[in-house]
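Please open the model in a viewer and keep the selection panel at hand.

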Amino acid sequence: MTDPFDLDSAASTGAPPPNDYLAALNETQAEAVAATEGPLLVLAGAGTGKTRVLTTRLAHILLTAKAWPNQLLAVTFTNKAARQMKDRVAELINRNVDDLWFGTFHAIAARILRRHAELVGLKSNYSIIDADDQIRLLKQVLSGRDIDEKRWPARGLLFGIERWKDRGMTPDKAAAEGADSDAAAFADGRGVELYRAYQERLLALNAADFGDLLLHGLTLFTGHPDVLERWQKQFRYILVDEYQDTNVAQYLWLRLLAQSHRNLCCVGDDDQSIYSWRGAEVANILRFEKDFPGAKIVRLERNYRSTAHILGAASGLISHNAGRLGKTLWTDADNTGEKVAVQGVWDGDEEARLVSDQIEALRRDGERLAECAVLVRAGFQTRAFEERFITIGLPYMVVGGLRFYERQEIRDAIAYMRVTVQPDNDLAFERIVNLPKRGLGEASLRPIYKLARDQGLSLARAAAAIAETDELRPKPRASLKALTDGFERWRGLLKTVAHGDVVGIMLEDSGYSEMWRRDKSVSAPGRVENLRELERALGDFENLEEFLEHVSLVMDMDSADDNDMVNIMTLHSAKGLEFDNVFLPGWEEGLFPHERALMENGDAGLEEERRLAYVGLTRARKRAGVLFAANRRIYNQWQSSLPSRFIDELPGEHVIRRAAVGLQGGGLSEQAVPWRARRRAAPEAGEPTSVPDTGAGGGSFALGERIFHQKFGYGRIISIDGNKLEVAFEKAGVKKVIDSFVVAA
DNA sequence: TATATTAACGTTTTT
DNA sequence: CGTTAATATA
């Protein structure tokens, strides 16, 4: 092989000698970069320069001519991460890296699958379906078998199927595993049967869901050694980011690909594993050494991101987790910074107000808004902040909130494109046959379904055929014909007209745009605007097919983020990001740690929640603030809440407690206010802690007992569930409250 | 068939 | 509370 980058001439033209980039690394980082051959596991704590190691390593391999760009595979967890890494590598080696295989597991697997689709029973133009379609399909499968959806909700089945797929299990393997799993027990033990039916349905539709991309990838590799060998040769070096969040299917997929040359480098942090609910297995980290004997392990423990107080608080918190590999992060002693501010507020509104005030204070001090982030546990929490920020005119953006491509009107428009480009896409066809309303209801559709079934045609083709017959009455027939002719015409237009314009024509001809223009609801104008935005975005793609692939996998759109705005996002989507100032609201029992995580997964769930808190804190470079509210309105109900146990777990020397009321805006040097003393020990069963103000409350109430609540007044207890009471209040009606907010009357 | 009204339901995190 | 699914009516 010749030198892909012609280093000699690069050197002679004054470009930096290839070793320069190594000088920017510390000793362990350089070690991780230099060990290009053989299996390598990098345990990289938060803020230890993990991305730098990954990108430098890629650059190093390229610059030392160990491989061509297209022989490098770099797998990331999100598309954003892939993009960033790509840009940074390009910067390092000073040329474009379009030939590198950068992407998420799903994107890479989809790309490989396109080339061998027939081998797993798909066609290469298979479509990738999203969650909505999955549910729709499963509902069809269920109703076709007379299974009561009330008792056996499709969501539950989907969850089980996805766990199977996460573990790389086809229906056959799931059957072999036996009926003891929850998913197998679905609908009285018909889980596997339904899983199989669902898979058959997907194949018949020439469609794959997200899990299939990996699952089919596995069957492809294991069933066709020649194909596997081809890809093993293709990827001479494999890098994996966020390794702690890979699931078993992904792990097996990697192992197959890396088997021959073993040039696999995985970078991860067990303390940041936050996706076990989606099938991620931290155990993959432990397995690595076993499956790749002689693997080199490098630990990155020097933190370059956060101040000592922030790091100390985060470390103290995570030390409460039992199942850890154990790392000791450290930073420069002189980088002390400010203590983590912990502050209690009365309710969610006050919380939002306080955060906005503090952000404005920071802005006055010259901080950029883009360096401020509000990281919430659950999506609904963003609303309070949005409302507050809007009223005071503070620019913000919600990252990953309502994704562009998930909006109804965008999905509809995409369905039109799909049917046009992929006439066999029945799911897309079903979505828009009668949208806008064109008089094609159940009765008109029946003959189409029948014909499609009898002749083995797709719905769109069957519809075109029916439109030519007198099967339907004149009115529906005419409108069906208009639609099918439309698809034909638009397809033809694509050959001559720019695809963005074709989509515009499509949405006009079909009456779809018109439908929203005539809609008088408040959201309608926004939807029209979104459709316009969609047409504009189409320009960024070569053709419709490429765009549709992008949509299926990426589900987020590059928004121009050149404006200075506060970031609001969930803790999950904050992973991998960093900000100077981080606000962490909602640290309350029940919300964070989330009640459901605890209920469903017990201690393991709690530890994952704690890791999530750790991720949140370690996002901060200069300042971190934790908030909790004593009351939170959820739907209509007021819910009293206790401060999160995580607050107690923050080491006192790194934390400053601020008074609950009456002070804000005054910078960050408030006086410490002693918080109520908490018992250090006895983390036993939900023993109620004392509560501010009332000071009363006890664990034991009796059913029917008359009690008093600060906010709701007098009432009688109608049910007791642990420390949660349901109380029929005399004025306020039935509410759920925590026992410690209640006193005997 | 399409609309209007009512009931039920849900909020953890996402490729 | 707000959205969506199911049901009754025009």
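**Stop 1: helix α4**

Select α4 and colour by accessibility: Lys50, Val53, Leu54, Thr55, Thr56, Arg57, Leu58, Ala59, His60, Ile61, Leu62 and Leu63 are buried (under 20% relative accessible area, with exposed over 50% and partly exposed in between; 1.4 Å probe, protein chains only). With 12 of its 14 residues buried, α4 is largely enclosed by the rest of the structure. The model is predicted: local features need pLDDT of at least 70, side-chain atom pairs count only at pLDDT 80 or more, and totals for chains, interfaces and linings use all residues. Residues are numbered from 1 along each chain as its sequence is written, chains are lettered from A and ligands numbered from 1 in the order in which they are written, and side-chain values use heavy atoms, leaving out hydrogens and water.

Helices (H or I, at least four residues) and strands (E, at least two) are DSSP runs, numbered from the N terminus. Next, select Ala65, which follows α4 and has a positive phi, near 60°.

**Stop 2: the sheet**

Display the six strands of the open sheet, which are ordered β3-β2-β6-β7-β1-β8 with parallel pairing (at least two DSSP bridges between two strands). At the edges, β3 (101-104) and β8 (296-300) each have a single partner strand, so one side of each lacks a neighbour in the sheet. Now select β2 (residues 72-76) and β6 (residues 237-240), a parallel pair with four bridges. Within β2, Val75 stands opposite Val240 of β6.

**Stop 3: the cysteines**

How many disulfides does a search of the whole structure find? The search returns zero, a disulfide being a pair of cysteine sulfur atoms within 2.5 Å. Select Cys265: its sulfur lies 6.7 Å from the closest cysteine sulfur, that of Cys266, too far for a bond. Cys265 is buried, at 1% relative accessible area, and Cys266 is buried, at 1%.
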